[in-house]
Amino acid sequence: MHHLVDLRSDTVTVPTPEMRRAMANAEVGDDVYGEDPTINRLQERAAELLGKEAALFVPSGTMGNEIAIKVHTRPGDEVLIDEDCHIVKWELGAAAFISSVQLHTVPNQRGIVPVQEYARRIHPGDDHVPPTRLICLENTHNAAGGVVLPLEYMREVWTLAQHHGVAVHLDGARLFNAAVALGIPARKLAAYADSVMFCLSKGLACPVGSILCGSRAFIEEARRVRKILGGAMRQAGILAAAGLVALDTMIDRLAQDHARARRLAEAVANMPGFWVDMETVQTNMVYVQTEQPARRIVQQLETLGVLCLDVFPHTIRLVTHKDIDDEHITRAIDAFAKVAQ
Ligand SMILES: Cc1ncc(COP(=O)(O)O)c(C=O)c1O
């Protein structure tokens with residue numbers, strides 16, 4: 001695959017040599033007994049980074065999100081959530097399957113749900129209407145093109161939720177992309193959520209793992225739910241070791257991914273048969289609208305050594321990450337130019 005320019009996702013990143021060294025040398029123990037020193041260190045580090053009391057290492061972002069929903073709600077509760085969020089579109093109905101909650105979906109504009117749209121849907125619950133227990137946000141917003149939810153917006157949603165006694169969960173699979181784009185520490189965004197999930201295995205390039213952060217009581221219950229779901233691991237410090245390296249070395253460099261995505265987007269936007277909404281190109285993703293069926297374009301690009309995903313019949317997604325350099329971007333632009341002719 002090395003000769004290919006793989007822009008399908010930032011999940012295709014492979015661990016750095018430093019991560020592999022740390023993994024090989026990781027001090028480990030049985031984490032079900034709370035005895036894996038490397039996992040404990042990662043959890044403490046992550047909680048501190050996000051300004052939360054505690055954190056939990058989980059196998060995937062999906063599990064982190066679904067544990068959060070389970071802990072925040074009871075069966076029959078309602079969760080307000082933007083209709084294009086990962087939790088709605090790509091977690092296979094897990095919130096219904098695991099938590100028996102009703103996802104009340106709300107339309108968004110370029111990834112942002114106007115705060116008043118949440119406000120008019122919040123309900124305390126009565127004999128006819130389920131109580132609103134949770135609002136879920138996603139930052140950056142994947143389906144909207146990797147757009148950033150601004151800090152002020154996060155604060156407004158949080159204030160509304162607090163006013164009604166509703167919890168906020170932040171799907172921050174790419175939280176550090178948002179923080180880097182905004183030029184602020186991630187903890188400022190995390191301050192406006194009761195619980196935050198972020199992924200180590202996407203732009204931060206770890207092989208496996210996500211982190212769920214929150215209050216001590218929340219994480220204690222999350223740990224119980226993780227066990228129920230079969231997500232408690234044993235000597236997983238081997239994985240957590242990569243996470244510690246990622247938090248030290250992989251956050252600031254996300255700015256390079258953002259600059260490369262912008263360069264790619266600007267070039268493709270000027271080619272016939274392709275359109276890019278440049279306002280959505282804020283982090284490491286580029287969504288390209290195609291005149292031809294997206295599938296056909298993806299196949300043509302593949303023959304030219306460039307991999308990307310057709311996410312809708314006329315939409316292609318391109319994602320930059322640490323295994324994509326300037327030369328790869330040039331090759332991708334050249335391939336698009338050939339297909340555009
Ligand atoms: C916004 C968002 N949330 C959650 C996830 C789930 O992460 P995982 O694939 O680790 O389950 C993803 C994965 O792509 C994502 O993009």
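Thr140 sits in a loop between strand 5 (132-138) and helix 7 (151-164). Helices here are DSSP runs of H or I with at least four residues, strands are runs of E with at least two, and both are numbered from the N terminus. A cis peptide bond joins Thr140 to Asn139, with omega at about 0 degrees.

This is a predicted model, where local features need pLDDT of at least 70, side-chain atom pairs count only at pLDDT 80 or more, and totals for chains, interfaces and linings use all residues. Residues are numbered from 1 along each chain as its sequence is written, and side-chain values use heavy atoms, with hydrogens and water left out.

Leu92 is not a glycine, yet it has a positive phi of about 55 degrees.

Now turn to the ligand. Nonpolar means Ala, Val, Leu, Ile, Met, Phe, Trp, Tyr, Cys and Pro; charged means Asp, Glu, Lys and Arg; the others, Gly among them, are polar.

Which side chains hold an N or O atom paired with a ligand oxygen? For Thr62 the distance is 2.6 Å. For Lys202 it is 2.9 Å. For Asn142 it is 3.0 Å. A polar contact is a pair of N or O atoms within 3.5 Å. Taken alone, the ligand exposes 390 Å², and the protein buries 84% of that. These areas come from the Shrake-Rupley method with a 1.4 Å probe.

Helix 3 also meets helix 10 (residues 216-228): their axes come within 9 Å and cross at roughly 115 degrees. Axes are lines fitted to C-alpha atoms over the stretch in contact, and angles run from 0 to 180 degrees between N-to-C directions. The crossing is right-handed, meaning that the near helix is turned clockwise from the far one by less than a right angle. Contact means heavy atoms within 4.5 Å. On the helix 3 side, Met63, Ile67, Ala68, Lys70, Val71 and His72 take part. Helix 10 brings Phe218, Glu221, Ala222, Val225 and Arg226. This contact has 7 nonpolar, 1 polar and 3 charged residues.

Note on methods: A polar contact is a pair of N or O atoms within 3.5 Å; within protein, one must be able to donate a hydrogen and the other to accept it, and residues adjacent in sequence count only if both atoms are side-chain atoms.
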